[in-house]
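Here's a quick briefing on charged side chains and helix packing. Have the coordinates open while you read.

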Amino acid sequence: MTPFAMPQAQPEPVRRVGLLLPLTGGNAALGQAMLNAGQLALFDQGDRRIELLPRDTRSTASGAAEAARDAESQGALAIAGPLTLGETAAVARTTRVPVFAFTSDEAQASGRVWVLGITPTQQARRVMSAANEQGAQRFGLLAPNDAFGQRLATAMREAARQAGWPAPAIQLVPQRTTEFAAQAEALRAADVQAVLVAFAGAGARTAAQALAEGGSRPLILGTILWAAEPNLGDEPALAGALFPGPDPSGRDRFDQQFEAAFEARASRLAGPAYDAVALAARTAREGAPPVGSAFLGADGPIQLDAGGVTRRGLAVFALQPGGQPRLVSPAPVPGGAGS
């Protein structure tokens, strides 16, 4: 009599994820750091069925498109990257699989492209919500007249419209402007209660000084660029100014893991790389992007919505002299109040 044999379970197939990075040329060091972050994301998920396919974009749109085609031809079910808006646009035209790009240019978002960089809209809405908690409803913007400033202006107008606040007073100036007296006077004349200053470094200091002159001083707001300037709070005109940034508890955890694994400090762009690979891996595993569910990323909580919309929970900090910015408001759940 032939002994009965239990059928052996078939191993689940490997699922592949493309990772598009600048691995050669002037940005090779950045690309390697982002590759390390992507590998850390896979390690955290602990799923050996996911295989990463790193591909070099050569920091060009054509190189990114070629890298995407190659990854997809090798079975990639989702793609993390590429880095810039031009590369993202080229990849979107090339590939048919979901893309989780590192760029912060929200114009690249579409039905299958999610933008994972921290966008101007996310920053404006979060810091306006925090200022409103202090009573502000009349907002102003002092920003360079470039794509970043224009997107901030659009986001502020829409946030004010949705909240029923007055339309914000917008002052867009040439990028190299170092004198803000006229713009500050116009904002004071508009009786604004809070002004978002979209400059960093010396520009932020000069703009805040101009806004502090001539009587009542509006609440100064900033952007995520201020997170990299620990001494900005030493400027008296910026004391107490608010700005958005990554959730500190989540980012600290990621930074510690990264440094322990690679004996190097994580760059700012390592966070989006970690998030993109984690989301691409989950997409490959589940067969579709995890739209509507929350995910704790390197820079805080994230939620993907339909149409390429990415919601981020950002914390809010206040500048203070002689030390690190003070946490004012922790990151909210994406899609909830204040996010």
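Is glutamate 72 buried or exposed? Glutamate 72 is buried, because its relative accessible area is 17% and the cut-off for buried is under 20%. Keep in mind that this is a predicted model.

**Salt bridges between separate parts of the chain**

- Glutamate 72 pairs up with arginine 96 in a salt bridge, and the closest N and O atoms sit 3.2 Å apart.
- Arginine 96 is in the loop between α3 and β4 (99-101) while glutamate 72 is in helix α2 (residues 61-73), so this pair ties together parts that are 24 residues apart in sequence.
- The arginine end of that pair has 70% relative accessibility, so arginine 96 counts as exposed, whereas glutamate 72 is buried.
- Arginine 138 makes a salt bridge with aspartate 191, again with 3.2 Å between the closest N and O atoms.
- Here the ends are in two loops: arginine 138 lies between α4 (120-132) and β6 (139-144), and aspartate 191 lies between α6 (181-189) and β8 (194-197), so the link ties together parts that are 53 residues apart in sequence.
- Arginine 138 is partly exposed at a relative accessible area of 29%, and aspartate 191 is partly exposed too, at 46%.

- Arginine 282 forms a salt bridge with glutamate 286, with the closest N and O atoms 3.1 Å apart.
- Both residues belong to helix α9 and are four residues apart, so about one helical turn separates arginine 282 from glutamate 286.
- Arginine 282 counts as partly exposed at 21% relative accessibility, as does glutamate 286 at 47%.
- Asp47, Arg49 and Arg285 go beyond a simple pair: they are linked in a network of salt bridges.

- In general, side chains of opposite charge can pair when their charged atoms come close.
- Glutamate 87 is buried but has no salt bridge, as the nearest side chain of opposite charge, arginine 58, is 9.8 Å away.
- You'll find glutamate 87 in helix α3 (residues 85-94).
- What does glutamate 87 touch, not counting residues up to four places away in sequence? The answer is Thr57, Ser59, Thr60, Ala61, Ala64 and Pro82.

- Helix α1 (residues 28-45) and helix α8 (residues 248-262) have axes that come within 11 Å and cross at roughly 105°, which means α1 is roughly perpendicular to α8.
- From α1, the contact uses Ala33, Asn36, Ala37, Gln39, Leu40 and Asp44, and from α8 it uses Arg253, Phe254, Gln257, Phe258 and Phe262.
- By class, the α1 and α8 contact splits into six nonpolar, three polar and two charged residues.
- The axes of α8 and helix α9 (residues 270-286) also come within 11 Å, crossing at roughly 90°, so α8 is roughly perpendicular to α9.
- That contact is built from Arg251, Arg253, Phe254 and Phe258 of α8 with Ala270, Gly271 and Tyr274 of α9.
- The α8 and α9 contact has four nonpolar, one polar and two charged residues.

Terms used: Residues are numbered from 1 along each chain as its sequence is written. This is a predicted model: local features need pLDDT of at least 70, side-chain atom pairs count only at pLDDT 80 or more; totals for chains, interfaces and linings use all residues. Side-chain values use heavy atoms; hydrogens and water are left out. Buried means under 20% relative accessible area, exposed over 50%, partly exposed in between (1.4 Å probe, protein chains only). Lys and Arg count as positive and Asp and Glu as negative; His and the chain ends are not counted. A salt bridge is a side-chain nitrogen of Lys or Arg within 4 Å of a carboxyl oxygen of Asp or Glu. Contact means heavy atoms within 4.5 Å. Axes are lines fitted to C-alpha atoms, for helices over the stretch in contact, and angles run from 0 to 180 degrees between N-to-C directions. Angles under 35 degrees count as roughly parallel, over 145 as roughly antiparallel, 65 to 115 as roughly perpendicular and the rest as oblique. Ala, Val, Leu, Ile, Met, Phe, Trp, Tyr, Cys and Pro count as nonpolar, Asp, Glu, Lys and Arg as charged, and the others, Gly among them, as polar.
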